[in-house]
Amino acid sequence: MALAFTYWLDLLALAVFLGGWMLYGRTADNYKDPKHPSLLTVMHRLRIKWLTEMQMRTLRMPDVMTLTIATSNYTFFASTSILIIAGAFTLFIGGTEWRSFIGEIPTTDINSLELTPLKLLVLVLIFIYSFFKFTWSIRQVGYCAILLGSIENRYNAENGAPPSAEEYKTAQKRAQLLAPVFTLAGNNFNYGLRAYYFGLAMLPWFISPLWLIFSSLMMIIILSLREFNSKTLVALLRVENELDKSEN
């Protein structure tokens with residue numbers, strides 16, 4: 001009876017983990033409150049400003065370097081995902097010594113240890129998901145580079161004359177068309193990072209399902225604070241406001 005209860009507790013913990021991940025993802029990705037923006041919404045608006053200003057200069061090496069740095073970051077995490085997957089498979093077939101070590105932890109649920117193969121499988125699936133998200137974002141950054149190269153240099157600032165209001169408005173419209181592609185690349189990278197965070201939150205499950213419920217809730221709180229109420233968000237909003245003032 002106790003064993004059956006333990007399995008139900010593990011399933012409940014897994015449901016809380018996956019449900020919390022999905023609920024947070026849908027909330028963060030679809031959040032569109034203009035009065036209280038999130039990091040994702042602010043970064044999208046800043047991408048529009050970046051792509052607008054990009055059209056005002058003939059030298060676009062800084063823009064290309066920005067994409068190059070993004071690609072290197074995405075590639076690093078994609079490669080790390082492969083290493084983590086390989087490590088998890090090694091644990092899966094590598095004997096039971098490490099399980100004995102976990103069993104010696106005072107708070108470990110001994111009965112839950114029998115589900116260790118399932119836990120490893122879930123961990124592997126999480127990082128496979130992150131690998132696909134990172135590699136897809138790398139491909140999307142390549143598409144963004146092609147888009148940058150496809151835009152003609154219509155606004156030549158070498159003569160010292162600022163662009164007219166009509167020219168700037170045209171550039172903004174074009175930037176609004178381009179920005180969603182850049183945002184998709186950034187969002188897929190965020191999805192991969194989110195999988196990393198929740199992959200870390202899953203590790204306490206090897207000790208006890210109750211620890212998985214606790215770590216899942218704590219991870220949702222931490223990510224929510226970073227997304228909706230962080231110092232970085234306040235700083236970005238301040239920069240955005242200053243940029244709006246300079247345009248007017």
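Contacts between residues 24 or more positions apart account for 83% of the contacts in the protein that have a separation of 6 or more. The model is predicted, and the protein in it contains eight helices and zero strands. Two salt bridges are found in a search of the whole structure, and a buried asparagine, residue 188, is described alongside them.

**Overall architecture**

- Read along the sequence, the pattern of the protein is α-α-α-α-α-α-α-α.
- Of the 248 residues in the protein, 39% are buried.
- The protein exposes about 14400 Å², and 69% of this area is supplied by carbon and sulfur atoms.

**Salt bridge between aspartate 29 and arginine 194**

- Side chains of opposite charge can pair when their charged atoms come close.
- Aspartate 29 and arginine 194 meet through their side chains in a salt bridge, with an N to O distance of 3.2 Å.
- This pair links distant parts of the chain, since aspartate 29 belongs to helix α1 (residues 2–29) and arginine 194 to helix α6, 165 residues apart.
- Aspartate 29 has a relative accessibility of 27% and therefore counts as partly exposed.
- Arginine 194 has a relative accessible area of 9% and is buried, because the cut-off for a buried residue is under 20%.

**Salt bridge between arginine 45 and glutamate 240**

- The side chains of arginine 45 and glutamate 240 form a salt bridge at 2.5 Å, N to O.
- Arginine 45, at 29% relative accessibility, counts as partly exposed.
- Glutamate 240 is buried, and its relative accessible area is 5%.

- Asparagine 188 is placed in helix α6, which spans residues 165–202.
- The relative accessibility of asparagine 188 is 5%, so this residue counts as buried.
- The side chain of asparagine 188 is joined to that of glutamine 140 by a polar contact of 2.9 Å.
- When neighbours within four places in sequence are left aside, asparagine 188 is in contact with Lys133, Trp136, Ser137 and Gln140.

Definitions and conventions:
Residues numbered from 1 in each chain as written. Predicted model: local features only at pLDDT ≥ 70, side-chain atom pairs only at ≥ 80, totals over all residues. Heavy atoms only, no water. Helix = DSSP H or I, 4+ residues; strand = E, 2+ residues; numbered from the N terminus. Buried < 20%, exposed > 50% of the residue type's maximum accessible area, 1.4 Å probe, protein only. Polar contact = N/O pair within 3.5 Å; in protein donor to acceptor, adjacent residues only side chain to side chain. Contact = heavy atoms within 4.5 Å. Salt bridge = Lys/Arg side-chain N within 4 Å of Asp/Glu carboxyl O. Areas by Shrake-Rupley, 256 points an atom, 1.4 Å probe, with all protein chains shown as cover.
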